[in-house]
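Please look at the sequence and the structure shown below before reading on. The briefing that follows takes up a loop residue, some salt bridges and a pair of helices.

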Amino acid sequence: MSRLSGKVAIITGAGSGMGAEQARLFAKEGGKVVGGDMNMEALQSVVDDITAGGGDAIAVKLNISSPEDWESAVKTAVDTYGQVNVLVNTAGVAGPFIAKAAEHDVEEWDKLLAINLKGAFLGSKYSIPEMIKAGGGSIVTISSIGGLIGGQGGTGYGAAKAGLIGMTKNIAVDYGRDNVRANVICPGQIKTPMSAVLEDEAAKEAKQSYINKTPLGHFGDPIDIAYAALFLASEESKFITGTELIVDGGVMAN
């Protein structure tokens, strides 16, 4: 497998869920992976799995809302592997699942935007110059169908995810002539630690209601998003930029 041969990829949230699955898949496809996460124990376990299987990966502690952490992570990637070709902005947090604007906690709002929106902005800001030096690159940002329609995660979450889509389109326009592409993936419900709240008995009705709205009849798996990210990171998508890839089991078509 060599769909990412010769490419260096920074992946945030690589310690668990979708980010971990992306890191494993990218390494399997020949990419050199720089995994970032706040949970270094979980992240190191993923990196150890990759290297044990013959892949190439390193772990960096990364608070995605910190400019200093981003500068350090990008510098580590360049110092270790010589370049940055791919950035996957995966890390994020979920707010209260039902959070109407008039009832939304202000501190929670600030947190959601600082992590879910500012984090991807900073990753792009510090990675783009290195991508240009390398002759181009691909930014893949994990948004959500919550950024396209309402009722999918609360007001602050939806605002941040919609902001990612707008930011991505601007990056695509601004840096297209530099051969830097930018796209977003909009997942529906994926079985990750973030969606674990829906496994509680109290959320049983809400979970079933969501499944009923999903034509394929079930939640997605992290690998479903990893394969979508792999496509957008690889040369197979070299003429695709500024768009949204919806991976939701058909919810948006319903």
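In this briefing, two residues are in contact when heavy atoms of theirs lie within 4.5 Å. The model is predicted, and local features need pLDDT of at least 70, side-chain atom pairs count only at pLDDT 80 or more, while totals for chains, interfaces and linings use all residues. Residues are numbered from 1 along each chain as its sequence is written, and side-chain values use heavy atoms, with hydrogens and water left out. Helices (H or I, at least four residues) and strands (E, at least two) are DSSP runs, numbered from the N terminus.

**A loop residue**

- S234 is found in the loop between α8 (222-233) and β7 (244-247).
- With a relative accessible area of 1%, S234 is buried; buried means under 20% relative accessible area, exposed means over 50%, and partly exposed is in between, with a 1.4 Å probe and protein chains only.
- Leaving aside its neighbours within four places in sequence, S234 is in contact with R3, L4 and R181.

**Salt bridges**

- The structure holds 8 salt bridges, a salt bridge being a side-chain nitrogen of Lys or Arg within 4 Å of a carboxyl oxygen of Asp or Glu.
- One of them joins R3 to E236, with the closest N and O atoms 2.7 Å apart.
- Because R3 lies in the segment before β1 (8-12) and E236 in the loop between α8 and β7, this pair ties together parts that are 233 residues apart in sequence.
- R3 is partly exposed at 31% relative accessibility, and E236 is partly exposed at 46%.
- K7 forms a salt bridge with E235, where the closest N and O atoms are 2.9 Å apart.
- K7 is in the segment before β1 and E235 in the loop between α8 and β7, so this pair ties together parts that are 228 residues apart in sequence.
- K7 counts as buried at 16% relative accessibility, whereas E235 is partly exposed at 48%.

**Two helices**

- Helix α1 (residues 17-28) packs with helix α2 (residues 40-52) at an angle of about 20 degrees, and their axes are 10 Å apart; axes are lines fitted to C-alpha atoms, for helices over the stretch in contact, and angles run from 0 to 180 degrees between N-to-C directions.
- α1 and α2 are therefore roughly parallel to each other, a description that applies to angles under 35 degrees.
- A20, A23, R24 and A27 in α1 meet V46, D49 and I50 in α2.

Definitions and conventions: Parallel < 35°, antiparallel > 145°, perpendicular 65-115°, else oblique.
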